[in-house]
Amino acid sequence: MIFRRKAKNDDTEATGPAGSDDVVEAPVEDEGAEEAGTPEGRSAGPFDSSEVDDSELEAEDRIDLGALVITGMPGMELRLQVDEQSGDVQAILLVLEDSALELRAFAAPKTSGIWTEVRREIAAEATRMGGTASETDGPFGTELVLVVPVEDPDGQIFSQTSRVIGIDGPRWLLRATVLGRAAVEPDAAPPMEQSLRNVIVVRGSEPMAPRESLALRLPPGAEPAAEEEA
């Protein structure tokens, strides 16, 4: 697996409504609220760290990125979208051949999930950009298929199709965006979907405002260089 540190404005593939993080002010969640149940679509993963043994978190094929622990596949590249000024990791991108999976995690209330609300906002933003958004039933529940106009480095405009998947967990939302061939060809989707199921979310116990990004970090031992093996 290759570890590649990417600047915030690199690769327009990961931008657009699926990659935007408009924060809506909200009160800090009530720590005394009742824990949300486990959705049926999450029975095979992704899991919360409280739902797996420590041995699973520390397995050799796992990569600890802070709030998200992922499992690589042969030939897959791991790229991190990093803010140029702060150096904070904002998103994870798993790339396999001509498909990619972008991962972001956010805090959510204990009492209810936020994917339904977030999904509507993403669809509205896609429409504002001149694209389309369609809801469909997928292996993780209701997801969005977006078709939005994107400008390439040469100034040419083309339509980009993506699948935006939202998974509500215990006090977190995991948002995954499938890009490239896997977004339009079902036979290319299984590796991306399995990578998503292999994710473990480490939410932590600290109180956070709903929609606040869960902290990601560089893999242990990795230097903030242009490209290194992890």
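A salt bridge here is a side-chain nitrogen of Lys or Arg within 4 Å of a carboxyl oxygen of Asp or Glu. The model is predicted, so local features need pLDDT of at least 70 and side-chain atom pairs count only at pLDDT 80 or more, while totals for chains, interfaces and linings use all residues. Residues are numbered from 1 along each chain as its sequence is written, and side-chain values use heavy atoms, with hydrogens and water left out.

By this rule there are 12 salt bridges. Arginine 181 pairs with glutamate 185, the closest N and O atoms being 2.8 Å apart, and also with aspartate 98, at 3.3 Å. Helices (H or I, at least four residues) and strands (E, at least two) are DSSP runs, numbered from the N terminus. Asp98, Arg181, Glu185 and Asp187 are linked in a network of salt bridges.

As for accessibility, buried means under 20% relative accessible area, exposed over 50%, and partly exposed in between (1.4 Å probe, protein chains only). Aspartate 98 is partly exposed at 44%, as are arginine 181 at 26% and glutamate 185 at 31%.

Over in helix H2 (residues 115-128), arginine 128 and glutamate 125 lie 3 residues apart, about one turn of the helix. Their salt bridge has its closest N and O atoms 2.5 Å apart, and arginine 128 counts as exposed, at 60% relative accessibility.
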